[in-house]
Amino acid sequence: MIKSVLRIAALCIAASAVIASGGVSANDYREMGKSFEIADSRMFVTPPRDWNQLSIKPGKFAETWTLDGEHLNDVTFFGGVEPGKPLVRELSKKHEPLPKFSEATLLIEVPELLQLTYQAYKKISEFKVTTVNPGNFLGREGVHFSYEYLDYDNLPRKGEARASIVDNRLYMITFDAPRLHYFERTLSDFRALADATTLR
Amino acid sequence: MIMRRALIAFLGTALLASAAAGAPKQKTSPAPVPPPYAGHYQPQGIDEIGIWREDDERERALANSSQVIRDEALNGYVRSVLCKTVGEDRCSSVRIYILRVPLFNASMSPNGTMRVFSGLLLRTTSEAELAAVLGHEFGHFEQRHTLAQFKAARKGTDLLSWAAVFTAMAGTNQAYRNFDNLQISVYGGLMRFGRDQELEADLLGLGYLNGSELRPQAASRVWRNLILEVEASAAARGLKKPKFDNVSFFASHPPEGERADYLYDLAAPDSEGRDEGADRHAEVLKPWIAQFLNDQIALNDFGASEFLINRLGERGWTADLWRARGDLFRGRGHPRDHMNAADFYGKAVSLDPTLADAFRGLGLSLIKTGRVSEGKIALQAYLRLSPNAPDASMVNLTLSSIGGR
């Protein structure tokens with residue numbers, strides 16, 4: 001047993017050396033004014049200010065950007081979620097399935113889909129959709145909504161999102177930040193980023 | 001050579017010690033009523049004083065948590081059930097915190113902090129069922145199980161640390177093999193120690209119930225219902241039927257099947273005719289059922305949620321139950337689910353024509369099943385009942401996109 005522990009420790013040291021030398025992909029820089037493709041989809045964005053793209057990829061269709069780290073401001077793009085698929089990667093398809101987007105999902109139900117996904121994924125109960133309004137996203141008819149919730153770390157967070165369903169696929173951008181200070185501070189940057197998101 | 005012999009002797013003693021730690025407790029039937037309460041207990045010795053101090057810190061954070069449901073009536077009710085079960089003197093040493101967590105659980109920590117999850121309140125159908133779980137948790141507290149577990153874990157890990165040193169000194173393959181065996185034995189012993197504590201708490205819990213006015217046979221039903229719920233959950237997810245009679249190596253609790261059986265045996269036989277307090281329980285929980293069900297549905301566990309809704313429906317279907325069932329089916333969203341959801345919402349609004357959320361669900365489900373004009377009428381009713389709903393303008397847009405407001 002001791003031998004095997006030593007072996008594992010040696011492997012860990014080797015792995016950290018590889019990471020330190022830049023051998024594993026890390027976060028990326030998203031420079032203002034350049035055009036970037038989102039999650040290999042038809043969604044493109046030209047950020048009006050510099051952002052960071054995180055290497056954490058919440059799901060096949062999703063990509064996360066931030067200014068100060070995902071705990072302080074998290075912008076997640078959902079680039080064309082297919083019918084029958086969840087918004088983010090399921091921890092276990094069998095044991096912990098997530099709600100699925102479907103062909104029958106109406107635009108008005110997208111906030112509920114996000115709510116149920118957050119609740120099931122983060123295992124939280126307190127979540128309230130505060131406003132749901134019609135609005136454009138990607139130059140098409142869509143929904144703008146806002147919400148607040150008590151996150152898994154017991155920190156109250158607020159969020160705002162825009163979504164649109166195009167050719168039976170769900171395109172969405174969400175912004176989540178702590179209710180205290182950070183949400184208000186970055187909200188205008190998020191809105192500018194959402195305005196700059198297009199579909200090709 | 002002397003060192004090696006000493007090591008073998010040391011390991012042998014250790015194995016015996018760890019086996020002794022897991023000696024099973026006796027189940028006597030029926031469970032005896034516990035002796036009079038010894039009075040307010042204060043921690044003794046540095047271990048226990050330290051554990052209580054840490055626990056006081058946790059309680060301070062807990063008292064400020066937004067997860068705590070502070071409703072006076074609900075808190076008063078849960079306290080009254082605990083007091084009925086364990087008696088007023090024991091009950092006065094407990095602070096109860098009801099947490100909005102949709103899981104089947106309750107816990108009690110060394111300083112007298114009791115956490116009751118909202119999921120437990122949703123799953124129990126009578127005072128006696130709730131009392132069975134609260135009594136069990138109080139049993140852990142009264143027997144100071146956390147302290148005993150802490151000491152056992154420290155003893156076990158101390159032993160393993162020394163054994164690791166001696167093993168390295170001996171350096172032979174046999175010593176490493178012995179060390180591996182010892183490790184398995186110590187960890188197995190610790191888990192078994194935990195299971196024995198559960199058994200002891202069950203015994204005490206039933207003892208309290210036997211001595212109370214409530215029907216102790218309800219304790220067994222709590223576990224039977226949990227088994228049925230877990231089976232329903234697994235079936236809906238297409239998983240293998242879970243086994244409830246196996247004890248796995250790392251199990252912290254006795255298997256549910258065994259528990260249901262011995263809890264029934266522990267109940268006093270002459271108590272069959274006692275009241276369970278099902279009506280009182282239902283009455284107090286009535287205003288909470290809708291919210292607790294919403295939290296349950298959000299777990300995305302279709303089988304378990306459907307099982308719980310149906311079981312609550314056995315007492316009589318209410319508008320809230322039909323609405324929740326509608327939400328459950330609409331949330332899953334299979335094409336066949338929308339038909340069922342529309343049916344359930346329809347039943348909800350016929351029982352309570354002021355239930356705005358049910359009209360919303362009804363409207364959306366009907367639109368999805370192609371009954372657009374009926375759906376429109378339902379959504380209009382939703383707007384009439386809830387003109388300031390957060391999604392009112394979106395509903396208006398939906399109405400206009402399907403032809404008229």
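Reply: A residue is called buried when its relative accessible area is under 20%, exposed when over 50% and partly exposed in between, using a 1.4 Å probe and protein chains only. This is a predicted model, in which local features need pLDDT of at least 70 and side-chain atom pairs count only at pLDDT 80 or more, while totals for chains, interfaces and linings use all residues. Residues are numbered from 1 along each chain as its sequence is written, chains are lettered from A and ligands numbered from 1 in the order in which they are written, and side-chain values use heavy atoms, leaving out hydrogens and water.

A:Y118 is buried, at a relative accessible area of 11%. A:F127 is buried too, at 8%, and so is A:Y147, at 1%.

Rings of Phe, Tyr and Trp (its six-membered ring) pair if their centres lie within 6.5 Å; planes under 30 degrees apart make a stacked pair, over 60 an edge-to-face one, and the rest are tilted. Over all chains, the whole structure has 21 aromatic pairs. One of them joins A:Y118 and A:F127: the centres are 5.7 Å apart and the planes stand at 80°, so this pair is edge-to-face. A:F127 also pairs with A:Y147, with centres 5.3 Å apart and planes at 15°, so that pair is stacked. Because A:F127 lies in strand β7 (residues 127–137) of chain A and A:Y147 in strand β8 (residues 140–150) of chain A, the pair ties together parts 20 residues apart in sequence. Strands here are DSSP runs (E, at least two residues), numbered from the N terminus. A:Y118, A:F127 and A:Y147 belong to one aromatic cluster with A:F145 and A:Y149.

Key:
Helix = DSSP H or I, 4+ residues; strand = E, 2+ residues; numbered from the N terminus.
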